[in-house]
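Visitor: Please walk me through some charged side chains and a helix. I would like to learn how to read them.

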Amino acid sequence: MATKAFKSEKIDAIKAKAEKAQVAILTEYKGYSVEEITNLRRSLQKDGGDYMVTKNTLAKIALKGTDFEVLTDSLTGPVAIAFGFEDQVSPAKAVAKFIKDTKKGAILGGALDSKLLTAKEAEALSKMPSKEELIAKILGSINSPASGIVGSINAVMSQLTRTMAAVRDAKAQ
């Protein structure tokens, strides 16, 4: 039997994670081994996240007053929460990849900006480009016009140089 102090500690840990998280993804963890959950947790931690398996009643108490309070009605059955602290997309990607690789569990939903996400919306979040990919695309878009201008100037200069060389060769004959 868990003591009141232990439960209070767990509630505080969940609340602390919820307060600094940007996104929460609910997953079904039924059928996972301890090793598989550990691998998922490590994968999420690499991307600035965490994975918590906890009692639903403790999670409901801990999420009260946070942006993720909307999840309380979804906390039924064997549910675990993947939190993302640095990025909104990485946790969803990591969980979706894990589910695809293990062929176990499912994404049940999530919360982002105090809004409840359905399972389909949470899966759609996992298919979005990551923050790094978006930055690379933006930089590529910014760089593209400059590259075009440089290419045009180079083409004009090359053509001028070839023309001058042809005139020089014609006068030399």
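Predicted model: local features only at pLDDT ≥ 70, side-chain atom pairs only at ≥ 80, totals over all residues.

Visitor: How many salt bridges does a search of the whole structure find?

Guide: A salt bridge is a side-chain nitrogen of Lys or Arg within 4 Å of a carboxyl oxygen of Asp or Glu. The search finds five.

Visitor: Which residue forms a salt bridge with lysine 17?

Guide: Aspartate 50 does, with the closest N and O atoms 2.1 Å apart. Helices (H or I, at least four residues) and strands (E, at least two) are DSSP runs, numbered from the N terminus. Lysine 17 lies in helix 1 (residues 4–20) and aspartate 50 in strand 2 (residues 49–53), so the pair ties together parts that are 33 residues apart in sequence. Aspartate 50 also meets arginine 41 in a salt bridge (4.0 Å, N to O).

Visitor: Is aspartate 50 buried or exposed?

Guide: Buried means under 20% relative accessible area, exposed over 50%, and partly exposed in between (1.4 Å probe, protein chains only). Aspartate 50 has 9%, so it counts as buried. Arginine 41, at 26%, is partly exposed.

Visitor: What does glutamate 36 contact?

Guide: Contact means heavy atoms within 4.5 Å. Leaving aside neighbours within four places in sequence, glutamate 36 touches Gly31, Phe98, Thr102 and Lys104. With lysine 104 it forms a salt bridge, the closest N and O atoms being 3.0 Å apart. That pair links distant parts of the chain, 68 residues apart: lysine 104 sits in the loop between helix 4 (90–102) and strand 4 (106–112), glutamate 36 in helix 2. Helix 2 covers residues 34–46. Glutamate 36 is buried at 17%, whereas lysine 104 is partly exposed at 28%.

Visitor: What span should helix 6 have?

Guide: The expected span is 1.5 Å times one less than the number of residues. Helix 6 (residues 131–172) has 42 residues, so it should span 62 Å. Its end C-alpha atoms are 60 Å apart, which agrees.

Visitor: Where does helix 6 bend?

Guide: The bend at a residue is the angle between axes fitted to the seven residues ending there and the seven starting there. Helix 6 bends by about 30° at asparagine 143. Proline 145 follows within four residues.

Conventions: Residues numbered from 1 in each chain as written. Heavy atoms only, no water.
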